[in-house]
Amino acid sequence: MNLNLNGAVALVTGGARGIGHAVSKSLGVAGTRVAVNYRTQEAAACAVCEAVRAAGGEAEPFAADVGDVLAVQQMVNAVQARWGGIDVLVNNAAVTRDAIFLAMDDADWDYVLRINLGGVYFCTRAVLGGMLRRRRGRIVNISSLLGETGGRGNSNYAASKGAVNAFTRSLAQEVAKKGITVNAVAPGLIDTDMSRAMYPAALAEARGRIPMQRLGTPEEVAGMVVFLCSDAASYITGQVIGINGGLG
């Protein structure tokens, strides 16, 4: 299989940490020019870019709140001014504001939906026109196992990811004949800052339910993303692919 993406331009939202970091670096190693989006963590985004360059790739940081439609368009304009059209979009940026449903603030519900779902909508809309004109493109949305299973205290997050899955399947049908694929990757429990923030007892209990008896790594998720962005996956679209150690 040819996984080389030499010369393609990729935008990775939330690319400074965790899965986004691994995706940005892996795409850079595969030959992609990577726009590493961040909101506040400029130093982390710059470190990702340095790691890509050290591996022989090309990357630049771009700041934007993906939940702000004007900021997203300005970011996309800046990426296009730097490298031209965007060939790959990885919608990775996401937040959590967990709480039992009746204790959840309206603001927390709105914030999670604005970033996790609104960000996917805004970023996809900003790049899709160019993909349609060029009749090529890869869109990969980072979803979650919770988008299928739900979880106690995760109603806002699970709702946002379930919606991302439905969005993925629907948009894929609209743009398939234009040479654009749209897929989602749905990680289970991955070794990131988000999972490390769990209470130790809860984390141990969750790990015990995974058939592989371990957490996944960001690099394992990134490997699937790179595959879906490559020509080797050109006949795969509208899919939500779990990476969960058998938990799904």
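This is a guided tour of a predicted model, stop by stop, with something to select at each one.

Residues are numbered from 1 along each chain as its sequence is written, and side-chain values use heavy atoms, with hydrogens and water left out. Since you are looking at a prediction, local features need pLDDT of at least 70 and side-chain atom pairs count only at pLDDT 80 or more, while totals for chains, interfaces and linings use all residues.

**Stop 1: the largest core**

Select V23, L27, V90, V185 and V225. These residues have the most contacts inside the largest nonpolar core, which holds 32 residues. A nonpolar core here is a set of buried Ala, Val, Leu, Ile, Met, Phe, Trp, Tyr and Cys residues joined through side-chain atoms within 4.5 Å. Buried means under 20% relative accessible area, exposed means over 50%, and partly exposed lies in between (1.4 Å probe, protein chains only).

Which helices and strands each supply at least two residues of this core? They are β1 (9–12), α1 (18–29), β2 (33–38), α2 (42–54), β4, β5 (137–142) and α9 (218–229). The largest share, six residues, comes from α9. Helices (H or I, at least four residues) and strands (E, at least two) are DSSP runs, numbered from the N terminus.

Setting aside residues up to four places away in sequence, V23 touches V12, V90, A222 and V225. Contact means heavy atoms within 4.5 Å.

A second, separate core has 31 residues, and V76, W83, A93 and V182 are among them.

**Stop 2: a nonpolar patch on the surface**

Next, select F101, L102 and W109. Together they form a nonpolar patch on the surface with about 390 Å² of accessible area. Patches are made of residues with over 30% relative accessible area and no salt bridge, where like charges are joined within 9 Å and nonpolar side chains (Val, Leu, Ile, Met, Phe, Trp, Tyr) within 5 Å. The areas come from the Shrake-Rupley method with a 1.4 Å probe, and for residues only the protein chains shown count as cover.

Zoom in on L102, in the loop between β4 (88–91) and α4 (106–134). Is L102 buried or exposed? Its relative accessibility is 83%, so L102 counts as exposed.

**Stop 3**

Select Y121 and F122. A search of the whole structure finds two aromatic pairs, and one of them is this tilted pair, 5.5 Å centre to centre with 50 degrees between the planes. Rings of Phe, Tyr and Trp (its six-membered ring) pair if their centres lie within 6.5 Å; planes under 30 degrees apart count as stacked, over 60 as edge-to-face and the rest as tilted. Y121 is partly exposed at 40% relative accessible area, whereas F122 is buried at 18%.

**Stop 4: salt bridges**

Side chains of opposite charge can pair when their charged atoms come close. A salt bridge is a side-chain nitrogen of Lys or Arg within 4 Å of a carboxyl oxygen of Asp or Glu, and the whole structure has 10 of them.

Start with E58 and R82, whose side chains meet at 3.4 Å, N to O. Because E58 sits in strand β3 (residues 58–63) and R82 in helix α3 (residues 69–83), this pair ties together parts that are 24 residues apart in sequence. Then show R53 and E60, which also form a salt bridge (3.4 Å, N to O).

Finally, colour E220 and R214, with their closest N and O atoms 2.8 Å apart.

**Stop 5**

Most residues other than glycine have a negative phi. Select R135, in the loop between α4 and β5: its phi is positive, near 55 degrees. Q213, in the loop between α8 and α9, also has a positive phi, near 60 degrees.

Last, pick G245, in the segment after β7 (240–243). Leaving aside neighbours within four places in sequence, G245 is in contact with I210, P211 and M212. G245 and G216 are 29 residues apart in sequence and 7.0 Å apart in space, C-alpha to C-alpha.
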